[in-house]
Amino acid sequence: MHYVSVENLTKSFVEKPLFTDISFNIEQGDKIALVAKNGAGKTTLLRVLAGKDTADSGKLWVNKDVSVSFLDQNPQFEEDKTVLENILSYDHPVINTVRDYELAMEHHDDAHLTELMGKMDELNAWGFENTVKEILSSLNITDLEQLAGSMSGGQRKRLSLAKVLIDISFGERNNFLILDEPTNHLDFEMIEWLAEFLSDNKTTLLLVTHDRFFLDLVCNEIIEIDNQQLYIHRGDFTNYLLRKIERDEADASSLDKAKNLYRKELAWMRKQPKARTTKSKSRQDAFYEVEGKANAYKADDKLQLHVKMTRIGGKILELKKVQKAFGDKVILKSFDYTFKHRERIGIIGKNGVGKSTFLNIIMDLEKADSGKINTGETVVYGYFHQQGLDVKEDKRVIEFVKDIAENFPLADGTKVSAGQFLQLFQFTPEQQFTYISKLSGGEKKRLQLLSILFKNPNFLILDEPTNDLDLVTLAVLEDFLEQYQGCVIIVSHDRYFMDKLVDHLFVFEGGGVVNDFPGNYTEWRIDEARKKKAIQSGGSKQQESKGTVLTATPEPVTINKKQETSTAKRKLSFKEKFEFENLQKEVPELEKEKLELNEKLLSGSAPYDELNKMIERIGEVTKQLEAKELRWLELSEFAEQ
């Protein structure tokens, strides 16, 4: 089935052309990745296809039988409504029935409820609820009563993604899904779940992503925008790179030929008299065509930076018995580590376990509750954080960088100018004189990263540096970091990036537990799979791990789940089902915490000033357990078995 046709589409931003006369088709079942440098028009093209923007010229046709769902970089919600109300805001038979059923349950409208239960059965809406629960829990959306206006940027992006995934789960529709950077704000587990979901789903897909691992798992075709033109590559990312190299070599050959012809024709033009004959006029017209070809391609800047890094002394960074918690949520528990020369550490863990907090503690942007942090006198930090570029007034790109320094020192004693450094990170001479406010989101991220590296730090801390960066800039950054002689800490959910650069991992398990694993992310996953397989096959639950525990780790506690019974007097509402699922997770966690607190209290090893806190916490946990167990029993009477 033919889904979309694009014919001679052209779009400019202000006076900057993004793409010119591009044409392509999308067929049912296509899973396409759109790649290009930042600022080349990727997001704009997605918005045009989704009907959120219009092209300057050309034709766009979308099959009337196709339903288009779009994940925007800046999702919009009804801010004064809850998460659940925003999810159930679609005008669709299943959603409308679920919404009516919820209202009937809330108002005890038994007569209407009987009718709606029949309709729910007819539309298979009960199965739909299970799909919604799977999507929400997989994306760690648990508080359905939270107002959209109070959500963080990451929560908003995940909620927006959940909405479009729920949308394409409706019945047997012809779905065309458009995703703009879907992996931003997702942890590794979420990314792998999303890749599996999209690979199994029959939805036709067009996406922009910087995540090469995700791209390879999901997509079977790559469309590239380069120099305003469009190129189509069948196959995975590796095949695309090979074809791109071949094309670049062919372009370089054509460029050399065009330049040679241009020099000859330029000499002829200079010799021509002012009076023009018809014959010379046609040749002059041809000259301008040759001139255009000679200037059409610009070879990539091959500048290699052999960095003259600021000297770093013997003492770098030492953390001793560092502890941090927010109320009952423990981030670090007696964390000990001494950093060594040229260490490359990756940090992984689920969203919300405290990875960014850990970085802020190192940078003294946030205080630890206790413990010592000793930083060497020669350490110069470069911190790339998620808040984005800090510009107090609008400046041109080149002015912003020159305010930091005019030149960048190299290992051989020479220097490169601010302009040359900008070119390395894909800012052309023309772009260098662009005002920062006119840059795309990805270009601003690239400038933020460049400005940190230009300060020549000897200890880099990079918090999600790959978000919104194009693949070209990622390659430049990887090359830079591979030959970088300082220490590097990286928090990233880009598996390819982490595998290439880090030597070992700090694995944040939650509850203040951090393990040091000697290897990259893929090696860690293999080790985790090995341990899981051993447990499933009847091996010891105390499998030997390759990692080192950096914090005090409690012994695992086996929780026996309560036997569920049901009289099936009535069906649970959607909110009640979601609450019931969460209670089944929360009750064992509270039981485990209570047991650990009791063991620590009885051991007598806790400092005196912590005893009162522990006693108070045991009381709080006991009250929560009683309330949640009572609610669990109440809901279990109506839960389907």
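Start by selecting helix H15, residues 471–482: its 12 residues reach 16 Å from first C-alpha to last, close to the 16 Å expected at 1.5 Å a residue. (Helices here are DSSP runs of H or I with at least four residues, strands are E runs of at least two, and both are numbered from the N terminus; the expected span is 1.5 Å times one less than the number of residues.) Before going on, note that this is a predicted model, where local features need pLDDT of at least 70 and side-chain atom pairs count only at pLDDT 80 or more, while totals for chains, interfaces and linings use all residues. Residues are numbered from 1 along each chain as its sequence is written, and side-chain values use heavy atoms, leaving out hydrogens and water.

Still on H15, show the side chains. The buried residues include Leu471, Leu474, Leu477, Phe480 and Leu481, and Glu478 is on that list too. (Buried means under 20% relative accessible area, exposed over 50%, partly exposed in between, with a 1.4 Å probe and protein chains only.)

Next, pick Asp527 in helix H17, residues 521–536. Asp527 is buried, at 4% relative accessible area.

Seven strands make an open sheet of mixed pairing, in the order S14-S17-S18-S12-S19-S20-S21. S14 (381–384) and S21 (548–549) stand at the edges with a single partner strand each, so one side of each has no neighbour in the sheet. (Two strands pair if DSSP finds at least two bridges between them.) Zoom in on S12 and S19 (residues 504–510), a parallel pair with 5 bridges; Ile345 has His504 in S19 as its bridge partner. Then bring up helix H14, residues 441–454, which lies across S14 and S17 (459–463) and runs at about 170 degrees to S14. (Contact is heavy atoms within 4.5 Å; axes are lines fitted to C-alpha atoms, for helices over the stretch in contact, with angles from 0 to 180 degrees between N-to-C directions.)

Jump to S10 (317–326) and S11 (329–338), which pair antiparallel over 6 bridges. Glu318 sits opposite Thr338 in S11. In this hairpin, with 2 residues between the strands, Gly327 has a positive phi near 65 degrees.

Most residues other than glycine have a negative phi. Arg342, in the loop between S11 and S12 (344–349), has a positive phi of about 55 degrees and is partly exposed at 32%. His185, in the loop between S6 (174–180) and H7 (188–200), has a positive phi near 70 degrees and is partly exposed at 30%.
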